[in-house]
Amino acid sequence: MAYFPKPSEGSWTEHFKIDTGPVSYADSISPDFYELERDAIFRRTWLNVGRVEQLPRKGSYFTKELDAARASVVVVRGTDGEVRAFHNVCRHRGNKLVWDDYPREETKGTCRAFTCKYHAWRYDLEGKLTFVQQESEFFDVDKSEYGLLQVHTEVWEGFIFVNLDPENTTPLKDYLGKFGQGIEGYPFHKLTQVHKYRAEIGSNWKLFIDAFAEFYHAPILHGGQYEAGEAARIKKYGYEALSYDIDGPHSMVSSWGGIAPPKEKAMVKPIERALRSGLFGPWDAPDVGLTTEQLPPAVNPTRSKVWGMDSFVFFPNFMLLIWRPNWVLTYHYWPTSYNTHIFEGTCYFVPPQNAFQRIQQELAVVSFKEYGLQDGNTLEATQTMLESRTVDQFPLCDQEVLLRHLHSTAQGYVREHQQRRSAAPAS
Amino acid sequence: MGNVFPAEFAALEPFADWAVPGERARYAKRVSSTMKELQAFYDVAFPLLEQSTEYLENVSLDGIGEEDKHLLWAFCALVTVAFPVEAWGQPRVPDSGPSSIDAVVEPAV
């Protein structure tokens, strides 16, 4: 039975004109398809690599490994205050320019210039080559032609994005479309208390987005996380979203409120009662200068009274969850092969004023982690069975509409890329 | 020898080894403990937490003292210990096998 209205077509899937037949998941178990995705998607789209708060001063920098795009970038705040990104490659002999101890690990810091560990070639914060060791030994090297290779970099609402396609002409704002525009004005800059988690996951990157883009699984996989009576009730109820929406390659699901705060105290565990907090965040929302009703239009788009959380999927690999009690969670999925990826989950809160608020936030963070552990391990079980190719047709329900959209979007990017390649004149 | 926690929380002193900085370390301690050990800590710490909302609300994080810092970490440990004790009856979340999700950025306190 329906708790929330669906579009007049009778389902979200048909409303978005997405095929309702079974899907194959061949796009998640093929090394060949992954190789195509690397060029078609990860070297061509805007990728979120961090936030401006990670670059507090002139000379602040961090590196980001983009294995799927066959790249490493160094993101830096210049002496002019601008945020730029460069390919992390020294122009002399191709050494990785910025790294500490382990070449494959990310690093961060503050500096006045980047000096290559190999032969001490030096670059300023704007990427200009400023020093060549024993310059007179070289053959007419014009330093102005050997600066770091710059990567398209733009900032949206404090989120730093890079685009590795030198021919890209789509501004970030256009790429992020109506969801990006409709979220603008959300007070992200006030949520500076950060807890970040990282995991190596044994599945295709799209499968983890699938897991977080539907909540149909929540009453079942996470049933053991609830009080027993509540678990049975939630299972019987099942899951229905308030609404879904799609805009180009991006999508979103708007969800009802769950447990913040609960109608009856008996619904939640004792620790949640004692701390007035849980998976949905501390129940008492901190002041962020906006009431729930004043949030930007893309947030709680149906303006539902029972709204609890919106989950935006910005293609390809950036998810943004905005929770009613004024906190934010982001997910990133960085592929490392067709069946592995690095998952990052980052919680952003208003900085706690006192010890009680700090412990309330700890409960929200630890809850996210415990649910994530169940999700991550289940994905490995899914990946191995998909790879067995025992079954290759899978029915998806209407609450899984965003999964269909994600996979068809990825396939569309790959198809277009192949067409472009076959149309290009042989060089 | 001084106490680890503020005087009002003397009952926690036998569990001072739970006053661990960092979620990663607290989680490691939880998964290497027995349910009996987790239950013993929970049984003492949880009633204290329930009674201490007002105390904790009056502890400002700016310039927090050593004893209050230890108390904060112990209650953060209680948060992670509450999951096995209240819900699962085992130190690890069900169906998580060998998987891990590690804290890489955490608040200073």
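Two residues are taken to be in contact if their C-beta atoms, placed from the backbone, lie within 7 Å. The model is predicted.

**A loop residue of chain A**

By that criterion, and leaving aside its neighbours within four places in sequence, Val299(A) is in contact with Ile183(A), Tyr186(A), Asp310(A) and Ile322(A). Val299(A) is found in the loop between α7 (270-275) and β14 (307-314) of chain A. A residue is buried if 20 or more other C-beta atoms lie within 10 Å of its own. Val299(A) has 23 other C-beta atoms within 10 Å and is therefore buried.

The secondary structure of chain A comes to nine helices and 17 strands. The radius of gyration of chain A is 23 Å, close to the 22 Å that the globule rule gives for 427 residues, so chain A is as compact as a globular protein of that length.

The secondary structure of chain B comes to four helices and one strand, and from the N terminus on its elements run α-α-α-α-β. For chain B the radius of gyration is 14 Å, close to the 13 Å given by the globule rule for 109 residues, so this chain too is as compact as a globular protein of its length.

The table sets out further values for each chain.

| Property | Chain A | Chain B |
|---|---|---|
| Span of the C-alpha trace along the principal axes | about 80 × 55 × 35 Å | about 40 × 30 × 30 Å |
| Buried residues | 45% of 427 residues | 38% of 109 residues |

Seven strands of chain A form an open sheet in the order β1-β10-β9-β4-β3-β2-β5, and the pairing is antiparallel. At the edges stand β1 (47-51) and β5 (108-110) of chain A, each with a single partner strand, so one side of each is left without a neighbour in the sheet. Neighbouring strands of this sheet are turned by 30° against each other on average, direction ignored.

Four bridges join β1(A) to β10 (residues 159-163) of chain A, and these two strands run antiparallel. Leu47(A) has Val162(A) in β10(A) as its bridge partner. Helix α3 (residues 172-183) of chain A lies across β9 (150-156) and β10 of chain A, running at about 30° to β9(A).

Met319(A) stands opposite Tyr331(A) in β16(A). Where the sheet passes from one chain to the other, three bridges join β11 (residues 193-201) of chain A to β1(B), and these strands run antiparallel. The bridge partner of Arg198(A) in β1(B) is Asp102(B).

**Where chain B touches chain A**

Contacts between the chains involve 36 residues of chain B and 31 residues of chain A. On the side of chain B that touches chain A, the elements giving two or more residues are α2, α3 (53-57), α4 and β1 of chain B. Of these, α4(B) gives the most, with 11 residues. The residues of this side of chain B divide into 20 nonpolar, eight polar and eight charged.

**Helix α1 of chain B**

In α1 (residues 23-31) of chain B, Glu23(B), Arg26(B), Tyr27(B) and Arg30(B) are buried. Seen down the axis of α1(B), the buried residues fall within an arc of 100°, so they line one face of the helix. An α-helix has 3.6 residues a turn, so residues three or four places apart point the same way. The buried residues of α1(B) pack against α8 (355-387) of chain A and also against α2 (35-51), α4 (66-88) and β1 (102-105) of chain B.

Note on methods. Residues are numbered from 1 along each chain as its sequence is written. Chains are lettered from A and ligands numbered from 1 in the order in which they are written. This is a predicted model: local features need pLDDT of at least 70, side-chain atom pairs count only at pLDDT 80 or more; totals for chains, interfaces and linings use all residues. A residue is buried if 20 or more other C-beta atoms lie within 10 Å of its own, exposed if 12 or fewer, and partly exposed in between; C-beta atoms are placed from the backbone. The arc is that of the directions from the helix axis to the C-beta atoms. Ala, Val, Leu, Ile, Met, Phe, Trp, Tyr, Cys and Pro count as nonpolar, Asp, Glu, Lys and Arg as charged, and the others, Gly among them, as polar. Two strands pair if DSSP finds at least two bridges between them. The radius of gyration is taken over C-alpha atoms; the globule rule is 2.2 Å times the number of residues to the power 0.38. Axes are lines fitted to C-alpha atoms, for helices over the stretch in contact, and angles run from 0 to 180 degrees between N-to-C directions.
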